[in-house]
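Hi there,

Here is the structure I promised to pass on to you.

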Amino acid sequence: MVRVIMLSPPGAGKGTHGRWLARQTGAAHISSGDLLRAEVARGSGLGRQVAAYTARGDLVPDELIFAILVPAVVAAARDTGGYVLDGFPRTMPQALRAAEIGVELALASDAVIYLSAPEEELVSRLLDRARRDGRADDTLGVIRHRLAVFARETAPLAGYYRGRGILLELSTDRPEADVRADLRDWLQARGLLPSAAGGIQAVPRRTSASNAAED
Ligand code: ADP
């Protein structure tokens with residue numbers, strides 16, 4: 001069973017490809033952003049604290065992230081045997097703590113997928129998503145800020161995971177089916193995805209811009 005981290009800037013396709021990977025493998029797809037938005041929608045005290053950060057595009061403090069994420073990851077890993085983490089970890093302290101928990105609970109990650117696309121492509125995908133989904137933090141100013149926060153806080157994690165030999169870097173500035181084929185081949189070569197689970201022929205070709213949508 002796969003235990004994968006999707007480490008990618010906003011708009012690069014981590015939601016789209018993460019959900020695909022979860023469907024292919026039966027691992028739980030855990031999106032930190034979705035869990036945080038659900039907490040905000042519940043209107044809990046925790047949700048109100050979270051909303052103050054997400055609305056601005058700032059990172060939610062690590063203590064709140066761990067309070068929300070760790071139980072979800074542990075439960076998902078117990079139920080499905082694996083996970084696809086979408087949006088977590090996002091800072092070096094989160095990555096180091098996640099690695100400790102991974103060792104303690106025998107849930108260490110097998111692979112980290114770093115998806116990328118040119119900044120203007122990311123912005124245009126997120127503005128498209130804003131028109132469709134109306135997510136509160138998909139306004140131009142907040143999008144630019146989230147991309148800057150990613151570059152400062154999250155991009156350095158790529159070096160950490162590269163050093164551990166588990167990083168795959170893929171450009172998503174091309175058709176989704178091509179990205180998916182590279183992802184599938186890499187995971188299969190490492191024994192993380194059974195050969196039968198590919199199903200690439202069944203996936204209709206879409207433009208890279210349409211990736212954007214569900215990110
Ligand atoms: P995107 O990748 O498009 O920014 P997400 O849904 O992953 O969207 O995250 C939305 C917001 O939720 C982020 O801007 C941030 O405020 C918060 N968030 C999500 N994951 C984390 C995390 N691991 N640590 C801190 N904040 C987070």
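The ligand sits in the largest pocket. A pocket here is an open set of points on a 1 Å grid over the protein atoms alone, where a 1.4 Å probe fits and protein lies on both sides within 12 Å along at least five of seven lines. A molecule sits in it if more than half of its atoms lie within 2 Å of its grid points.

Before you read on, please note that this is a predicted model, in which local features need pLDDT of at least 70 and side-chain atom pairs pLDDT 80 or more, while totals for chains, interfaces and linings use all residues. Residues are numbered from 1 along each chain as its sequence is written, and side-chain values use heavy atoms, with hydrogens and water left out.

Around the ligand there are 19 residues, of which K14, S32, D58, Q94 and R146 come nearest (a residue counts as near if one of its heavy atoms lies within 4 Å). By class, this shell holds eight charged, six nonpolar and five polar residues; Asp, Glu, Lys and Arg count as charged, Ala, Val, Leu, Ile, Met, Phe, Trp, Tyr, Cys and Pro as nonpolar, and the others, Gly among them, as polar. Helix α2 (residues 32-42) gives the largest share of the shell, with four residues. Helices are DSSP runs of H or I with at least four residues, strands are runs of E with at least two, and both are numbered from the N terminus.

K14 places a polar side-chain atom 2.6 Å from a ligand oxygen. For R146 the distance from a side-chain N or O atom to a ligand oxygen is 2.7 Å, and for R37 it is 3.0 Å. The ligand taken alone exposes 550 Å², and the protein buries 98% of that (Shrake-Rupley areas, 1.4 Å probe).

Now to the loops. The one between α5 (92-104) and β4 (111-116) contains S109, whose side chain makes a polar contact of 2.9 Å with that of Y83. S109 counts as buried because its relative accessibility is 18%, buried being under 20% and exposed over 50%. A106 lies in the loop between α5 and β4 too, but counts as exposed at 57%. Its phi is near 55 degrees, a positive value in a residue other than glycine.

Lastly, the peptide bond from F88 to P89 is cis, with omega near -5 degrees. P89 is in the loop between β3 (83-86) and α5.

Best wishes

Terms used:
A polar contact is a pair of N or O atoms within 3.5 Å; within protein, one must be able to donate a hydrogen and the other to accept it, and residues adjacent in sequence count only if both atoms are side-chain atoms. On a 1 Å grid over the protein atoms alone, a cavity is a set of points where a 1.4 Å probe fits but cannot get out, and a pocket is an open set with protein on both sides within 12 Å along at least five of seven lines; lining residues have an atom within 4 Å of a point. Buried means under 20% relative accessible area, exposed over 50%, partly exposed in between (1.4 Å probe, protein chains only).
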